[in-house]
Amino acid sequence: MINFGKSIQSHFLKKFHWGFIMLLMVFLFICSPFVIRSASADYVSEESLPDLTELSIEDLMNIEVVSVSKKAQKFSDSAAAIFVITQEDIRRSGVNSIPDALRMVPGIQVARIDANKWAISSRGFGTRFTNKLLVLMDGRTIYTPLYSGVFWGTQDTVLEDIDRIEVIRGPGAAMWGANAVNGVINIITKKASETQGTLISAGAGSEERIFSNVRYGGKMHDNGYFRIYGKYFERDNFIERDESRGSDEWDALRAGVRLDWNDSFTILGEIFDGDSGGRINTVTFTSPYSQIIEDDIKNSGGHVLLRWDKYISDTSDLSAQFYYDRLEYEFSLLGTEVDTFDIDIQHRFPLGERQEIIWGLGYRYIQDDITNTDILSLTPDDDEYDLISAFIQDEISFLDKTLHFIIGSKFEHNDFTGFEIQPNMRILWSPKDRYSVWASVSRAVRTPNRVEDGFKIDNAVKPAGSLLPVFPGAGVVRILGNRDFDSEDLLAFEFGVRSWFRDNLSIDVAAYYNIYDNLRDQTAGVPFVDPSFSPAVLILPYVNNNNMDGETFGIELAADYRPFEWWKLKAAYTYLQINLHTDGILTLGQEKSEEGSSPHNQISLRSTMDLKKNFELDLWGRYVDNLTGQNIGSYITMDARLAWKPSKIVEVAVVGQNLFDKSHPEFEPQFLQTIPTEVERGVYLKVSLSF
Amino acid sequence: MRIYRNRILEIIKGFLLFVAFLFVVIQPVGRATARVSLEYHVKAAFLYNFTKFVKWPEKAFANATSPIKICILGDSPFGPSLDAIKNKTAGGRKLVIFEAKSVDDVEDCHVLFISSSSEKEFFDSIERFREKSVFTVGDKQGLARKGCVINFIVVNNKVRFEINTKSAERANLKISSQLLKIARIVNDE
């Protein structure tokens, strides 16, 4: 094992130095000559400020500027299916966690397995271990490289300090890289200069037992700002399917800091510690062959991120980022410690009048240390691996900048499958202010992870005697990783239309057809007797392979309507159809269970009203179709929030969540048989002070 | 853990070197000492131009030579762009710029630009301005409908504006037809 590590190491060092020199040369070559100033600048430097006061008003009207506000909502001009959750959306929805906020996004499935575990996915394939979604927080990847998914119970921040959450459905691989197969969720917190002053918010309720956020933001000198924050919460348990009390209550404490200097240098740091519970069904190799045990989950970690942004000209900038992230996650069947080091640079510059080029380089190094158990294990139990990536994208504008053609690709080298290329091609046409049309074709891959590579789980035990006359003893259904497991491929075709009918009505529709190949499946291997057990057992192995393929088709709609200045309505509708096929024989039925783990239809309807005397009334209704592959029925539920802001400093809110029923189930777990619980109705009171 | 440490140090060192190199080599075009939003530079010039097309009632001024007071309510997005209009005159009156933190300080202004940071505060107390001869300038689509006299909008990356003629009448302001001709005219909600 050590030899294996060393050979990667020397190989890597050679590659790195070679790449380093190449990069410098490439960089020197493309540097200065092409950095040209464009006429439609967002910013100009002070020296070059033209005196406009002598111009006539008609002349002034012909100067091209780029609206600052438009830059923030530039996504309305992007050639991809994008939805932005704003701070206002978060505040008015009354949600207390990032996963719950994602329920308002079309194309995203959010299902709570128990109080502290979620299945979140974009455009299908949702499980607790969803692996086709890239999630970032302030530029830091927060999915764990172990299974390419997110431990949603470990990711959080002071929700008031989130600026926005950008959700891109569909492949974002060309810019963001592997794992951005079906979507990218990008959580962006506010700059320290935007969170000046003190914020204290605290509350209590039936499900949100207690929670408190404290943040203080200040100024350091002329151009430096900082904030420090802390957050603590305790959440109640839910009830299990048989109406008995679950043990999935949890709590988490986190504290962090952000510093911003000169709009060019940023430091972020955070540490957290959480405890959560639940129950899990595990196997025993002798009678009774399965038992439900209390699961005690401990998670803790932290990160440090440094970013440097350099302004070069109005249409060109350069940024560099480094982060270190540590996550320790331990539950009754496995303990994991993962350290991630990541460095990235990105450079944007115009090429001539028509083109804008963005390119970037990244290197990520991951090491992990696993504590195995008899039932669940990873081999090797500690490992290190790295990922080298580069991307380039060219946006070319035609017809007075109403037609944009975007072509780009990501090139990546990973230790599991080697070299991967993920190109895409996009076109955006916005002939009028009132509408835009876009389309794209892209390829994305989901690269294998540690779990798929070398894991082993004993998932079920067939009692002694049940396999007679073949074998007298017990049979163990064992799912195994596969060193030869290959990347999953996606070829995606997308199309979208955005329209602003009047000032107060906008509609965004996206449709897609995705073709997947080499999807993960498990097929039966040759049974063998494992003599290390006493009495001996027959192992019935199922091995990960790439036998499955399939297609998905979907339509997503988001609409905003403001009948009056004081009343806003926001709707989202999702339709999804998944068809999977396997070439494998004797499988675990993965294709049917994955097809049936995503709802065909989802609806979200939000209403926010500004009432007299500084009252706010917000209602949010949701419909989620049944999951045909699981025993989960459709549900309709509603959240409501009534808030009062007697002064600038104080806000008092009463929030009711999942009001329509006492409790409802949302998802059945797979692989790890944690005992699911039902999401319960909850009410909480929250008081916020900001000064 | 220890065997990785050298390697990580190596990577970080290499990376820092590389970044330092990039940041040194790629120099800003011009100096990036102060960056000014072109959008607001243009809008500042508009503010000056507006004063030439608006006629305030006599009683809005102390005497025939007292200046036109241009107020920026809330966080000014203009940077140094207002310096260019500081020493200008319009209709024989000097322009003075006043940056106000609170809506309490702006009742004697002639032109009032409402920054997005103070939008809510302003509209909460808009009643105070109903009868006053203040040329109120909003910075977001729809604000003229809400009662401002005028608001900026950016259409196709160009600055345009909407004028609420009713608001202007209420404020007893006469707006030149030349300005009205190029504006979008809107009504109260």
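1. Largest cavity, lining. In this predicted model, 31 residues line the largest cavity. Nearest its centre lie A:Phe129, A:Tyr147, A:Val451, A:Phe455 and A:Phe671. The space inside comes to about 530 Å³. By class, the lining has 17 nonpolar, 8 polar and 6 charged residues.

2. Largest cavity, elements. Which element gives the most to this lining? H8(A) does, with 3 residues. Helix H8 spans 590-595 of chain A. Several other elements of chain A each supply at least two residues. Among them are helix H7 (450-454) and strand E26 (455-462). A:Val451, one of the residues nearest the centre, falls within the range of helix H7. A:Phe455, also in that central group, falls within the range of strand E26. Strands E18 (316-331), E19 (334-351), E21 (376-378), E29 (505-524) and E31 (537-564) of chain A also supply at least two residues each.

3. The structure holds 15 cavities of 30 Å³ or more.

4. Disulfide. How many disulfides does a search of the whole structure find? The search gives 1 over all chains. The bond joins B:Cys71 to B:Cys109, with S to S at 1.8 Å. The torsion about this S-S bond is about -85 degrees, so the disulfide is left-handed. B:Cys71 lies in strand E3 (residues 68-73) of chain B, while B:Cys109 lies in the loop between strand E5 (93-100) and strand E6 (111-114), so the pair ties together parts that are 38 residues apart in sequence.

5. Cysteine burial. Are B:Cys71 and B:Cys109 buried or exposed? Both cysteines are buried. B:Cys148 is buried too, with a relative accessible area of 0%. The cut-off for buried is under 20%.

6. The whole structure has 31 aromatic pairs over all chains. In one of them, B:Phe50 and B:Phe152 are stacked, at 5.8 Å centre to centre and 25 degrees between the planes. This pair links distant parts of the chain, 102 residues apart. B:Phe50 sits in helix H2 (residues 38-53) of chain B, and B:Phe152 sits in strand E8 (residues 150-155) of chain B.

7. Edge-to-face pair. B:Phe122 and B:Phe123 form an edge-to-face pair. Their centres are 5.0 Å apart, with 85 degrees between the planes. Both residues are buried.

8. Ring cluster. Which residues do ring pairs link into a cluster? They are B:Tyr40, B:Phe46, B:Phe50, B:Phe78, B:Phe113, B:Phe135, B:Phe152 and B:Phe161. The stacked B:Phe50 and B:Phe152 are thus found among the cluster members.

9. Charges over rings. In chain A, the charged end of A:Lys132 sits over the ring of A:Phe125, 4.6 Å from its centre. In chain B, the charged end of B:Arg93 sits over the ring of B:Phe61, 3.6 Å from its centre.

Definitions and conventions. Residues numbered from 1 in each chain as written. Chains lettered and ligands numbered in written order. Predicted model: local features only at pLDDT ≥ 70, side-chain atom pairs only at ≥ 80, totals over all residues. Heavy atoms only, no water. Disulfide = S-S within 2.5 Å. Helix = DSSP H or I, 4+ residues; strand = E, 2+ residues; numbered from the N terminus. Buried < 20%, exposed > 50% of the residue type's maximum accessible area, 1.4 Å probe, protein only. 1 Å grid on protein atoms, 1.4 Å probe; cavity = no way out; pocket = protein on both sides within 12 Å on 5 of 7 lines; lining within 4 Å. Points joined across faces, edges and corners; volume = space filled by probe spheres on them. Nonpolar A, V, L, I, M, F, W, Y, C, P; charged D, E, K, R; others polar. Phe/Tyr/Trp six-rings, centres within 6.5 Å; stacked < 30°, edge-to-face > 60°. Lys NZ or Arg CZ within 6 Å of the ring centre and 35° of its normal.
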